[in-house]
Amino acid sequence: MLTFLDESGDTGRKTDKGSSAYFLVSLIIFLDNDEALACDQRIELLRTELNLPANYEFHFSRNSKRVKEAFLEAVNRYNFSIVTVAINKDPKKLYGEGFKVKSSFYKYACQMVLTNALPYLDHATLVIDKSGSTTFQSELKKYIKSHTNLKEDKITKVKTEESHKNNLLQLTDYCVSIGNRKLQKKSDAKSYYKFISTKELSWHEWPK
């Protein structure tokens with residue numbers, strides 16, 4: 001079992017000065033490793049079909065409408081599920097000292113989405129975008145291992161990879177970004193969400 005984690009929005013609390021209103025984390029779950037490989041290869045082929053460079057990164061916020069639709073049509077046939085946690089950063093709803101520290105906020109959000117996904121996981125490998133310092137990545141791995149019941153073999157391996165080198169992390173970026181647009185009721189959200197709506201396994205907005 002392969003899983004991939006990515007986020008949308010930011011952990012800043014100053015929503016009145018440019019920080020995002022929400023911070024989302026999504027986990028993509030492939031129950032079958034061969035299915036994950038097939039999806040990975042399909043994304044690789046798409047670059048050739050669209051006459052894009054071999055090292056082109058599919059990134060929702062930077063891609064054109066044409067590329068977005070081609071990407072979503074290409075991956076739609078593959079079997080994967082999406083678990084998402086959306087955190088409302090409204091200061092009237094979200095409070096606590098831990099949320100004032102960006103690294104703690106991020107780690108807690110990851111723990112939330114993984115806790116919601118645990119019932120569906122079994123000996124999973126978790127892949128996270130390799131961002132931030134080496135120290136933070138090490139701390140994040142330790143935090144996840146200590147907060148997600150590894151003793152039950154739900155998650156047996158945690159590793160970080162660079163998103164521009166991992167097609168399935170790029171898929172996760174697409175899914176979490178579309179979730180964010182849906183939450184904010186963007187005008188184009190429905191046209192993209194239709195591609196992934198049936199793959200949504202869990203959606204949790206917090207706090208209410």
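The legends below describe close-up views of a predicted model.

Local features need pLDDT of at least 70 and side-chain atom pairs pLDDT 80 or more, while totals for chains, interfaces and linings use all residues. Residues are numbered from 1 along each chain as its sequence is written, and side-chain values use heavy atoms, without hydrogens and water.

**View 1. An open sheet of six strands with mixed pairing.** The strand order is β5-β4-β1-β2-β3-β6; strands (E, at least two residues) and helices (H or I, at least four) are DSSP runs numbered from the N terminus, and two strands pair if DSSP finds at least two bridges between them. Because β5 (155-161) and β6 (200-206) each have a single partner strand, one side of each lacks a neighbour in the sheet. Neighbouring strands are turned by 20 degrees against each other on average, direction ignored.

**View 2. The pairing of β1 with β4.** Strand β1 (residues 2-9) and strand β4 (residues 124-129) pair in the parallel sense over four bridges. Phe 4 stands opposite Val 127 in β4.

**View 3. Helix α3 across the sheet strands.**

**View 4. The lining of the largest pocket.** A pocket is an open set of points on a 1 Å grid over the protein atoms alone, where a 1.4 Å probe fits, with protein on both sides within 12 Å along at least five of seven lines; lining residues have an atom within 4 Å of a point. Ten residues line this pocket, and Glu 7, Thr 11, Phe 23, Lys 102 and Tyr 106 lie nearest its centre. Helix α3 gives the most to the lining, with three residues.

Terms used: Axes are lines fitted to C-alpha atoms, for helices over the stretch in contact, and angles run from 0 to 180 degrees between N-to-C directions. Contact means heavy atoms within 4.5 Å.
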